[in-house]
Amino acid sequence: MSDTLEKLAAVLESRRTAEPDSSYVAQLHHRGLNKILEKIGEEATETVLAAKDVTPDDAGSRQDLIGEVADLWFHSLVMLSHLDIDHREVLDELARRFGVSGLDEKASRQQNQ
């Protein structure tokens, strides 16, 4: 999986400064953070709607959800790239949370606010 993320991150990075007419990602970067965030919002909504339709015996609904989650993750990676945040920082944060109770982790965030 991380190999896929590494390859995708390299492509996204190369398109940050590319001409807008050269790729979809370059267009998003050119249009700015608000457009990227708008796309993330759209994909998040589509993901929620697809998840509501999933049934265990319907491969099509499962595949629809997988496609929507892929779109959401993709646009989230574009956002990170746009903000010059390496996706490995997110993976490191997830790794840090292993072995930590979700309730304890949430409580520690509330204490730090």
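Contact here means that heavy atoms lie within 4.5 Å of each other, and in this predicted model leucine 8 is in contact, once its neighbours within four places in sequence are left aside, with Phe74 and Leu77. Leucine 8 belongs to helix α1, and its relative accessible area of 24% makes it partly exposed, because the partly exposed class lies between the 20% limit for buried residues and the 50% limit for exposed ones. Between leucine 8 and valine 78 there are 70 residues of sequence separation, while their C-alpha atoms are 9.6 Å apart in space.

Two packed helices are described by the angle between their axes and the distance between the axes. For helix α1, residues 2–15, and helix α4, residues 59–82, the angle is about 55 degrees and the axes are 10 Å apart; the two helices are therefore oblique to each other. In this arrangement α1 passes α4 in a right-handed crossing. On the α1 side the contact is formed by Leu5, Leu8, Leu12 and Glu13, and on the α4 side by Phe74, Leu77, Val78 and Ser81. By residue class, this contact comprises 6 nonpolar residues, 1 polar residue and 1 charged residue.

Serine 81, which lies in helix α4, deserves a separate look. With a relative accessible area of 8%, serine 81 is buried, and, not counting residues up to four places away in sequence, it touches Leu12, Glu13, Arg16 and His29.

In soluble globular proteins, nonpolar side chains tend to be buried together. The largest nonpolar core in this model has 10 residues, namely Leu5, Leu12, Val25, Leu28, Ile36, Ile40, Leu72, Leu77, Val78 and Leu80. Each of α1, α2, α3 and α4 supplies at least two residues of this core, and the largest share, 4 residues, comes from α4. One member of the core, valine 25, is in contact with Leu12, Arg15, Phe74 and Val78 when its neighbours within four places in sequence are left aside.

Further along α3 lies threonine 47, which counts as buried at 12% relative accessibility. Not counting residues up to four places away in sequence, threonine 47 touches Leu65, Glu68, Val69 and Leu72, and Leu72 is itself one of the residues of the largest nonpolar core.

The loop between α4 and α5, the latter spanning residues 87–97, holds aspartate 84. In contrast to the buried serine 81, aspartate 84 counts as exposed, at 57% relative accessibility.

How values were computed:
Residues are numbered from 1 along each chain as its sequence is written. This is a predicted model: local features need pLDDT of at least 70, side-chain atom pairs count only at pLDDT 80 or more; totals for chains, interfaces and linings use all residues. Side-chain values use heavy atoms; hydrogens and water are left out. Axes are lines fitted to C-alpha atoms, for helices over the stretch in contact, and angles run from 0 to 180 degrees between N-to-C directions. Angles under 35 degrees count as roughly parallel, over 145 as roughly antiparallel, 65 to 115 as roughly perpendicular and the rest as oblique. A crossing is left-handed if the near helix is turned anticlockwise from the far one by less than a right angle, and right-handed if clockwise. Ala, Val, Leu, Ile, Met, Phe, Trp, Tyr, Cys and Pro count as nonpolar, Asp, Glu, Lys and Arg as charged, and the others, Gly among them, as polar. A nonpolar core is a set of buried Ala, Val, Leu, Ile, Met, Phe, Trp, Tyr and Cys residues joined through side-chain atoms within 4.5 Å. Buried means under 20% relative accessible area, exposed over 50%, partly exposed in between (1.4 Å probe, protein chains only).
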